[in-house]
Amino acid sequence: MRRRLNREIGVSLFFLGIAVIAFIQVEGLNRMSAVFPRTLAVILLVLSGILLVQSLVRPPEKKKGETPLASSRILPFLLILVLYAVLIAGLGFLIATILFAGVGTWYLCDRNKIRAIIGSILLGILFYALFRFVFLVPFPGI
Amino acid sequence: MWETVLSALMDPVNALFLVGGVAGGIVVGALPGLTATMALALMLPFTFSMSPEPALIMLGGIYIGAIYGGSISAILINTPGTPSSIATTFDGYPMTRQGKPEQALVTAAFSSGIGGVLGGLTLLFLSPALADLALQFGPPEFFWVAIFGLTIIATLSAGSLLKGMIGGCLGLMLSTVGIAPIGGESRFTFGFSPLQGGLDLVVMLIGLFCIPEVLAMVDRKRVAKQGLALKREKGVAGGVIKKLVRQPLLLLRSSIVGIITGIIPGAGGNIASLLSYDLAVRFDKKHKDYGKGRMEGVVASEASNNAEVGGSLVPLLSLGIPGAAPAAVLMGALLIQGITPGPDLYTRYPDLVYTFIIAFIIANFVMFVMAFYGARYVARMIDLPADVLLPMIVMLTVIGSFAIRNSYLDVCMMLGFGIAGYFLKKVGFEPGPIVLGIILGPIAETGLAQSMLLGQAEGGVWQIFFTRPITLVLIVLSLISLLSAVYIQTSRAGWKAGRRDAETCDAD
């Protein structure tokens, strides 16, 4: 119950923060540029305030099968995703994709190295060839 | 015009994309965890180098196929392939447990086909009429159309109405990033010049609809339990179809529920199928048999969710407002092709629009044939391993988000918003309302600012919003939709409670 309560309060405060920042950001803009985002900031402030009060007065029940916000299984995959984005800029799409597919497959298929290596090379080359030469889609990186 | 439409439809390339789209949609829809929205968002990069006709025909086919495909896993493994098939599990899976999977699959295929065709006919006849009416709209009317869409934003949210509204508000706020359409000043760019052009809609669509699903699947680890091998039984299909033909009222009522639910922006296929199922139970004398393998339960759900597909495209093509999350992705596809959906779509691109609509109706027949003969092959594919599927999806999202503007920043934005979307979903904020907010934001802002300027010229800034006849109708519609959103939320709580009670009884 306590964790759930903290999560709901955290979410309300997060949106309250966004509303306040938005309100401050549009200060000094001309009327036509500011009217819409300012109205939205006020509405968001009110709605987040209601959510905060609601989560304090009547905290929601924990749902059946509910997992933590960031499970130990998801965090390494998030890191792999972020590294993939960084590597695309440095190494180009093809090499970064082969590395991502390799590490991603290895992580998801219970560390089966052979499956990961073969799968990643095949997937990477297949995607590269298909999009580059058949669909003529440009690629990020080098 | 009709000669052009006919020649486009007869083009073998277009026919190939239509068949391929439907087949691909059925496969993706049958895989639990992969929604129709995700299938469409993933296929966007394939359309970049295509001309508008085949691109839209293929995406329409995917949409139709995916919604039907969801019923295959709902019937065979009690896991809806797409949220639209939730109600199909209620009677479809019990039919499988009774040794009647073939009957259930044929029922789903036939009902989906009928519902889909009726939805397509509605799109053909209602959409141009609505677009004609919308041509009379001025800025205040467009402002209220956007508000109308926003009032029912909460129905896109699976959980709390309040969270749906906050999500919609966040989406609207995101739509204001960049140069103001009327005032001309930069907002929320934090001195970062690439943001002055605003956030790209397709990038946001791909990020918010695909990445959270991928991460959720990583969390769950397995996509599905096991594939199934089905044997075809002689005479079963014919018998089922004969039975269904004798129930035109059920098919018609379920399809009408689907079409109306689809036309209301925000209410998706899951709402349509649950509402239709609820009505089927209420109107049937044998209502106690529902939930235990009654064929009519599958008919109600499937006819309705496939009819909803056509319905959801009515506001998209006539007003520029998507009726459901997958329609929002179709809107992205139109924008990629340089076409802005809205009232003047029928006057500027009549050939394209009618080609798409007629192809959409044909795709429903194609879907029926494929479902009739191919469902048992698709059933074997349900067990696609997550370690192959997930990296493929991520690669497609990266390619798709980059290809729009050749911008590496878009790739980072897509991943950033995708990861944020995952965490927001974990705390009860569905991506649907956020995306709808992003789409409706510019319409609402431009309508608001232009109306204010018009009002100023007429001597009263706010009077213009409340004194024109069409705005009054739209205000009433907004109020009705807000109340219906509350009703749907309450009913949904009732359905869940009912299901829990039924499960408790079964367990006992």
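I began with salt bridges, taking one to be a side-chain nitrogen of Lys or Arg within 4 Å of a carboxyl oxygen of Asp or Glu. By that rule I get seven salt bridges over all chains. I keep in mind that this is a predicted model.

**Entry 1: across the chains.** Which residue of chain A does K163(B) pair with in a salt bridge? I found E8(A), with the closest N and O atoms 3.0 Å apart. This pair crosses between chains, running from helix 8 (residues 161-175) of chain B to helix 1 (residues 2-25) of chain A. I then checked accessibility, with buried meaning under 20% relative accessible area. K163(B) is at 8%, so I log K163(B) as buried. E8(A) comes out at 3% and therefore counts as buried too.

**Entry 2: within chain B.** I looked up E445(B) next and found a salt bridge to R187(B), the closest N and O atoms being 2.5 Å apart. The two are 258 residues apart and link distant parts of the chain: E445(B) sits in helix 19 (residues 431-458), R187(B) in strand 2 (residues 186-187). I noted both E445(B) and R187(B) as buried.

**Entry 3: another pair in chain B.** K425(B) and E213(B) meet through their side chains in a salt bridge, 2.7 Å from N to O. Here 212 residues separate K425(B) in helix 18 (residues 408-426) from E213(B) in helix 9 (residues 201-220). Are the two partners buried or partly exposed? K425(B) has a relative accessible area of 28%, so I put K425(B) down as partly exposed. E213(B), at 13%, is buried.

**Entry 4: the annotated spans of chain A.** Residues 9-26 are 94% helix and 0% strand, with end C-alpha atoms 26 Å apart. Residues 38-57 are 100% helix and 0% strand, and there the end C-alpha atoms lie 29 Å apart.

**Entry 5: a nonpolar patch.** I found a nonpolar surface patch made of L79(A), L83(A), L87(A), L91(A), I95(A) and L99(A), with about 510 Å² of accessible area together. Which helix gives the largest share of the patch? I traced four residues to helix 3 of chain A. Helix 3 (74-91) and helix 4 (93-108) each supply at least two residues. L99(A) belongs to helix 4, and at 41% relative accessibility L99(A) counts as partly exposed.

How values were computed:
Residues are numbered from 1 along each chain as its sequence is written. Chains are lettered from A and ligands numbered from 1 in the order in which they are written. This is a predicted model: local features need pLDDT of at least 70, side-chain atom pairs count only at pLDDT 80 or more; totals for chains, interfaces and linings use all residues. Side-chain values use heavy atoms; hydrogens and water are left out. Patches are made of residues with over 30% relative accessible area and no salt bridge: like charges are joined within 9 Å, nonpolar side chains (Val, Leu, Ile, Met, Phe, Trp, Tyr) within 5 Å. Accessible areas come from the Shrake-Rupley method with a 1.4 Å probe; for residues, only the protein chains shown count as cover. Buried means under 20% relative accessible area, exposed over 50%, partly exposed in between (1.4 Å probe, protein chains only).
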